Amino acid sequence: MLGSLHAIELFAGVGGFRLGLKESGWKVVWSNQYEPSSKTRQHASEIYRYRFNENEDTHVNRDIDEVLEEMSNDPTSLPPEHDLLVGGFPCQDYSVARVLNQAAGLIGQKGVLWWSIFRLLQLLKSKDRLPRFLLLENVDRLIKSPANQRGRDFAVMLASLHVLGYQVEWRVVNAAEYGFPQRRRRVFIVGELSKGTSD
């Protein structure tokens, strides 16, 4: 299918996406994980770096907005060439852990981090370096957000990806239907760059 099979990972956590990518033959060439609520200890990033033997150049433990600002000022700091961008962007503002009318969606403190993905893709597009594929994940309540305009946030995300030149499909997947011992429903968004879009 592809020659290089290179991927980058945003909101990497401890590397769940990466484990699956490795099993499928993909090589993660750059990743970012940062937890702003705990500036002194970055447990997830520390585990990721230890588990995958990454250095500070290939695994960035800094606020994604700071990283993007640096990239916009210095395009040489953009991630290496890659064919796939993956990200499980923070879900707290869409999660069932909050009462629906308190879930802030795209305007919430964590919900706005969707725009970090979009901004990185814009920067990559400006250099004709858009990845061919996207794989994004979040809680299934994302598709009903926000409570007073159900579906608006998801529609904004899909429209944003379309503007960049991606054909997108999405599915809600329940882990219990694949042999896992919990009902864990997640929405997966898969995008492929349309033919004729410069990449």
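Helix 3 passes helix 4 in a left-handed crossing. The model that shows this arrangement is predicted. Helix 3 covers residues 64-73, and helix 4 covers residues 114-126. Their axes come within 11 Å and cross at roughly 15°. Angles under 35 degrees count as roughly parallel. Helix 3 and helix 4 are therefore roughly parallel to each other.

The residues that make this contact come from both helices. Helix 3 contributes Ile64, Asp65, Leu68, Glu69, Met71 and Ser72. Helix 4 contributes Ser116, Arg119, Leu120 and Leu123. Sorted by class, the contact of helix 3 with helix 4 has 5 nonpolar residues, 2 polar residues and 3 charged residues.

Helix 4 also packs with helix 5, which spans residues 152-164. The angle here is about 5°, and the axes lie 11 Å apart. Helix 4 and helix 5 are therefore roughly parallel to each other. On the helix 4 side, the contact involves Trp114, Trp115, Phe118, Leu121, Gln122 and Lys125. These residues meet Val156, Met157, Ser160, Leu161, Val163 and Leu164 of helix 5. By class, the contact of helix 4 with helix 5 has 9 nonpolar, 2 polar and 1 charged residues.

Neighbours within four places in sequence aside, Ser77 is in contact with Glu70 and Met71. Met71 also belongs to the helix 3 side of the contact with helix 4. Val67 is 10 residues from Ser77 along the chain. The C-alpha atoms of Ser77 and Val67 are separated by 8.8 Å.

A further feature is a pocket. The second largest pocket has a volume of about 160 Å³. Its lining includes Phe17, Gly20, Leu21, Ser24 and Trp26. Leu84, Phe133, Leu134, Leu135 and Val190 also line the second largest pocket. Helix 1 (16-23) supplies at least two residues of this lining, and so does strand 5 (133-139). By class, the lining has 8 nonpolar and 2 polar residues. It has no charged residues.

Technical notes
Residues are numbered from 1 along each chain as its sequence is written. This is a predicted model: local features need pLDDT of at least 70, side-chain atom pairs count only at pLDDT 80 or more; totals for chains, interfaces and linings use all residues. Side-chain values use heavy atoms; hydrogens and water are left out. Axes are lines fitted to C-alpha atoms, for helices over the stretch in contact, and angles run from 0 to 180 degrees between N-to-C directions. Helices (H or I, at least four residues) and strands (E, at least two) are DSSP runs, numbered from the N terminus. Angles under 35 degrees count as roughly parallel, over 145 as roughly antiparallel, 65 to 115 as roughly perpendicular and the rest as oblique. A crossing is left-handed if the near helix is turned anticlockwise from the far one by less than a right angle, and right-handed if clockwise. Contact means heavy atoms within 4.5 Å. Ala, Val, Leu, Ile, Met, Phe, Trp, Tyr, Cys and Pro count as nonpolar, Asp, Glu, Lys and Arg as charged, and the others, Gly among them, as polar. On a 1 Å grid over the protein atoms alone, a cavity is a set of points where a 1.4 Å probe fits but cannot get out, and a pocket is an open set with protein on both sides within 12 Å along at least five of seven lines; lining residues have an atom within 4 Å of a point. Grid points are joined across faces, edges and corners, and a volume is the space filled by probe spheres set on the points.
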